Amino acid sequence: MSETHEGLCHICGKYSKLTFEHIPPKQAFNWYRAKIYNGDEALKRSKGAQAKYCNLQQGMGKYSLCQSCNNNTGAWYAQTYCDFAMDVVKSLHKLNQLEHGNVVEFTFKNCPILQVVKQIVAMFCSILPYDEVQRLGFDKLLLEKESNTVNRKLFDLRMYLTPIETGQLMCGPSVVFVKKDESAEAIRVADLGAYPFGFILNLTPETPVKYGGSIMDMFNVKYDEKCDFKLSLVYLERRSVDFPLPLVFKEPID
Ligand SMILES: [Zn+2]
């Protein structure tokens, strides 16, 4: 049975036939069956209600990009991202089992890190509505291969390490309430668990998220610039393995 997927491409905005984009790229450990809940359904489920999900036999991903954008992001950014993820998994295999809150320092050599962070942005584009992609300037950033222009007032991008069993999570922009002193503040975040990493896109950067570490510095280099750098990542386990929710991690973390 073949199904045609048509709609707006989440990067270039053209109405066209949409192709399946693996999130994260298939070679980056994304070949298992996955269950996808979108943000609203995830929140419903958290309140004990029935929630809809899609079951994906081919790994986690979405029909969200046109052929051209899927091919370009694949060629320009995804391969480097896969190498980067593979390096991290190899290093993790040499360590003892991590515990929630552990921090691991990784050393990278000759890594074109802008390509990695642009692949992370490309993954988020698939789960953001297209008008949000435009508002954030992610369309221009990705369509221009060499661009590293981002507006830091609009978002913060953060990264952490995630366990393999709850590695798969794709949550579009959701409102999450965080406790602050006596009150609660609303933040808008998208959360993407893509073993070995988790990524948080905070769309209300004026209210910082405490989880993970910001990777906004990765936008500071040029497309072909290869960097030597160290990256410290905190390992976070979610409160529920069966039902991971955006920003619902075990406590405490500090
Ligand atoms: Zn496109």
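**Reading the sheets and helices of a predicted model**

L192 stands opposite F199 in β10.

Colleague: How many bridges hold β8 and β9 in their pairing, and what joins β9 to β10?

Modeller: β8 and β9 form an antiparallel pair over ten bridges, in which L169 stands opposite G193 of β9. Their hairpin has two residues between the strands, and D181 there takes a positive phi near 50 degrees. A hairpin also joins β9 to β10, through two residues.

Colleague: How should I read the two faces of a strand such as β7? Which residues of β7 lie on each side?

Modeller: The general idea is that in a regular strand the side chains alternate between the two faces of the sheet. In β7, D156, R158 and Y160 lie on one side, with L157, M159 and L161 on the other, and all of these are buried. Because six of the six residues of β7 (residues 156-161) are buried, the strand is largely enclosed by the rest of the structure.

Colleague: Is α3 buried or exposed, and what span should its 15 residues have?

Modeller: In α3, 15 of the 15 residues are buried, so the helix is largely enclosed by the rest of the structure. At 1.5 Å a residue, the 15 residues of α3 (residues 113-127) should span 21 Å; the end C-alpha atoms are 22 Å apart, which agrees.

Colleague: How does one describe the packing of two helices? At what angle do the axes of α2 and α3 cross?

Modeller: The axes of α2 (residues 67-93) and α3 come within 8 Å and cross at roughly 110 degrees. That makes α2 roughly perpendicular to α3. By class, this contact of α2 with α3 has seven nonpolar, four polar and one charged residues. On the α2 side, T73, W76, Y77, A78, T80, Y81 and F84 take part, meeting Q115, V116, K118, Q119 and A122 in α3.

Colleague: Which strands does α2 lie across?

Modeller: α2 lies across β2 and β5, running at about 105 degrees to β5. Those strands belong to an open sheet of three, in the order β1-β2-β5, with antiparallel pairing. Its edge strands are β1 (6-8) and β5 (61-66), each of which pairs on one side only. From one strand to the next, the twist averages 65 degrees. β1 and β2 (residues 15-22) pair in the antiparallel sense over three bridges, and E6 has K17 as its bridge partner in β2.

Colleague: Where is L203 found, and with which residues is L203 in contact?

Modeller: L203 is found in the loop between β10 and β11. With 17 other C-beta atoms within 10 Å, L203 is partly exposed. Leaving aside neighbours within four places in sequence, L203 is in contact with F155, P173, R188 and V189. The C-alpha atoms of L203 and L136 are separated by 9.0 Å, although these residues are 67 residues apart along the chain.

Colleague: How many helices and strands does the chain have, and what share of residues counts as buried?

Modeller: The chain has five helices and twelve strands, and 39% of its 254 residues count as buried. Of the contacts in the chain with a separation of 6 or more, 71% come from residues 24 or more positions apart.

Methods:
Residues are numbered from 1 along each chain as its sequence is written. This is a predicted model: local features need pLDDT of at least 70, side-chain atom pairs count only at pLDDT 80 or more; totals for chains, interfaces and linings use all residues. A residue is buried if 20 or more other C-beta atoms lie within 10 Å of its own, exposed if 12 or fewer, and partly exposed in between; C-beta atoms are placed from the backbone. Helices (H or I, at least four residues) and strands (E, at least two) are DSSP runs, numbered from the N terminus. The expected span of a helix is 1.5 Å times one less than its number of residues. Axes are lines fitted to C-alpha atoms, for helices over the stretch in contact, and angles run from 0 to 180 degrees between N-to-C directions. Angles under 35 degrees count as roughly parallel, over 145 as roughly antiparallel, 65 to 115 as roughly perpendicular and the rest as oblique. Two residues are in contact if their C-beta atoms, placed from the backbone, lie within 7 Å. Ala, Val, Leu, Ile, Met, Phe, Trp, Tyr, Cys and Pro count as nonpolar, Asp, Glu, Lys and Arg as charged, and the others, Gly among them, as polar. Two strands pair if DSSP finds at least two bridges between them.
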